[in-house]
Each structure stands twice: as structure tokens, then as C-alpha cells.
Amino acid sequence: MKEYGLLLVNLGSPAKPTTSAVKEYLRQFLGDHNVVEVPAMVWKPILNGIILPMRSWRSATFYRDCWLQNGSPLIVNTTNLTKKVQSLLPQWSVKMAMTYGKPSIEKTLLQMKQECKKIIILSLFPHFTQSTTQSIIDQVKAVDPTLPIIDRFADDPRYINILSRHIQTAWNKGNYDMLIISYHGIPVSMVKHGDPYQDETERTTRELRKHLAIPQNKIKMAYQSKFGPMPWLKPYLKNTLLQQVQLGNRNILIATPSFVTDCLETIEENSIQNYQAFRESGGNNLEIVPALNDSTQFANFIADLAKEHLK
């Protein structure tokens, strides 16, 4: 039996890029009360009768566009990161789980409890928000409420240093007019109810501004991946891109700090959908900074976080 275990948790992915598999995944994801706060008796008929039939086939086409030989980008990249962290912690058992889909948090934790004396859970979301981190906490506590959880790490200076160097390297490779730092959005209603996500993402942007050797007037912040008719955090990424083109900034670099692994949002949404809108509006060059994925620096940071949590 191992003395320590580390469980890395990411969002999840459909098992296959098919309409039926995507529908099953979206039912679980959008059926989570932490993701959609509308009362279940109101939301379930909308979800099952309108959202799933209309959105599943469309999302499946997006997944097919970015699907890798070994599976979805999020699963593949999280697997690679898990393997890298395991190599850095040879005396530990390092596994991954997904909030939605497989491998599930519950089954993975139950297995680990048979193999490890002490287990630490680490959310792969740098910032805390109800719609991602809280669901991880809820599922972990349903298995064992005593297990320690590292629920955010965006304020750690080491993460900021790794991220800023990563972005700076990408910036230095091109001749860009603007850097847009884009985060996954959340509904404004969550912030009004006390969610700290907006404050945390704005703090990350301020820290990145201090560390990046990029003129302050060439850095903008935005939010992406809006879902549904309700207002989400602004400014929206697509609107920001189109505004920058109108201002004459036609060579843009996008960095996405809230995504530590490349996934549908970074590959399909930004590199294809937003790229097409950008080009159609007159933009010239739109590049996306790759996520940290399984970079050695990021894997070392994750391993150090786990070890420090034992002290």
C-alpha cells in the first residue's frame, strides 16, 4: 500500500464524439445544480426537451473537429499531465478523475482508498468557482468528507511565474498588436451570490501585467464560452476580438489561464470559431497560447503543491 495518493480532477469529456455520447455528457454536466442554478422543476424540461436535442448534435460536430487519435484533447492532455506528475512522485499513487464522465471521482477515490493511506485531491481549475470547483468538493465529500482538497492555486507566485514565462515566450515569437487574456466565463448571477471567481481572475490578470514585458495598453482581459441567454461576465471574447480589429489591431495573441489543459474551448472555440469570426471581420493573425498541459514546469509545480499540503 502506498503512503500517499494524489487525485487530479478536471472537468470531463464525452466518451466519443457522437451525438448520443455528447448528449449523455451534457445531461450530466448541465444537470448539475452548481452549473445551472435554475430550479430543477423548471430547468429539467428545458434541458431534456430543448437544450439536449438542439445542442448535442452541434457539440458533437465540434468534438469531432478536435478529437485526437487517443480520445478527447482534455482527457489525453490530463492523462499526460498525470503521468508526468506520477514520474515526479514515484512513491505516490497519482491518478486522475473527471467531474463528469469517466473516470469518475467516486470510483477512482474508492479504488485509491484501498491502495493509499492518505489521499489529497487537487482541482485542476486555478480559480475557485461554484460551477467547477464546488462540484468537485461535493463529489469528494460524498465519498469521504475528511479528504483534503487543494481547491485553487492561481494566487501562487510560482504559478504566475510559470504562466507569465509561457505567455511571454509565445508573444516573443510573433509581431502582435494585442494580448487578450481570456478566462472561461460564468453567469453574473453567481458573482452576485458571492462567487469569488471574478475577483480571482482579475487578480491573476493584474499579476500577469506585472510580470509580462508587454506594454500595458496592449493587454486586454475577456471572458469566453458563454452559454444560454442570461448575462455572463464581460467583456465577451468574441466581441473584444471584433472591437480590436475595428481599432486596427489585426494581429492578436490569446492566452487562456483558466484552462490548464487544451480542450474544446481552446482548440475548437478559439482556434476555429473565434478565428473564423476574427478573419471575416478583417483580422490578419490570431494565435492561441497553448495550455500548460504536461509541461515540466507545471508538472513540478503540481507535485510540489501536493507535497507541501502534507506539511
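Close-up 1. A pocket is an open set of points on a 1 Å grid over the protein atoms alone, with protein on both sides within 12 Å along at least five of seven lines, whereas a cavity is a set of points where a 1.4 Å probe fits but cannot get out; lining residues have an atom within 4 Å of a point. Grid points are joined across faces, edges and corners, and a volume is the space filled by probe spheres set on the points. The lining of this pocket consists of Ser13, Pro14, Ala15, Ala21, Glu24, Tyr25, Gln28, Gly101, Lys102 and Ser104. By class, four of these residues are nonpolar, four are polar and two are charged. Here Ala, Val, Leu, Ile, Met, Phe, Trp, Tyr, Cys and Pro count as nonpolar, Asp, Glu, Lys and Arg as charged, and the others, Gly among them, as polar. The model is a prediction in which local features need pLDDT of at least 70 and side-chain atom pairs count only at pLDDT 80 or more, while totals for chains, interfaces and linings use all residues. Residues are numbered from 1 along each chain as its sequence is written, and side-chain values use heavy atoms, with hydrogens and water left out.

**Close-up 2. Two cis peptide bonds are shown, one between Lys102 and Pro103 and one between Lys234 and Pro235.** Lys102, which also belongs to the lining of the second largest pocket, is joined to Pro103 with omega at about -5°. Pro103 sits in the loop between strand S2 (92-100) and helix H4 (105-115). Helices (H or I, at least four residues) and strands (E, at least two) are DSSP runs, numbered from the N terminus. For the bond from Lys234 to Pro235, omega is near 5°. Pro235 is part of the loop between strand S6 (219-224) and helix H9 (237-246).

**Close-up 3. Ser225 has a positive phi although it is a residue other than glycine, and Asn293 likewise has a positive phi without being a glycine.** The phi of Ser225 is near 65°, and this residue occupies the loop between S6 and H9. With a relative accessible area of 13%, Ser225 is buried; buried means under 20% relative accessible area, exposed over 50%, and partly exposed in between (1.4 Å probe, protein chains only). Asn293 has a phi of about 50° and lies in the loop between strand S8 (285-288) and helix H11 (296-308). Asn293 also counts as buried, at 11% relative accessibility.

**Close-up 4. The largest cavity has a volume of about 70 Å³.** The count of cavities of 30 Å³ or more comes to one. Its lining is formed by Tyr159, Leu163, His166, Ile167, Ala255, Thr256, Pro257, Phe259, Val289, Pro290, Ala291 and Leu292. Helix H6 (residues 157-172) supplies four residues, the largest share of this lining. The lining comprises 10 nonpolar and two polar residues, with no charged residues.

**Close-up 5. Salt bridges link distant parts of the chain, including the pair Asp155 and Arg203.** A salt bridge is a side-chain nitrogen of Lys or Arg within 4 Å of a carboxyl oxygen of Asp or Glu, and the structure holds nine of them. In the bridge of Asp155 with Arg203, the closest N and O atoms are 2.8 Å apart. Asp155 lies in the loop between strand S4 (149-150) and H6, and Arg203 in helix H8 (residues 197-211), 48 residues apart. Both residues count as partly exposed, Asp155 at 44% relative accessibility and Arg203 at 29%. Glu308 and Arg158 meet in another salt bridge, at 2.6 Å from N to O. This pair joins helix H11, which holds Glu308, to helix H6, which holds Arg158, across 150 residues.

Close-up 6. Asp304 is partly exposed at 27% relative accessibility, and Lys307 is partly exposed at 40%.
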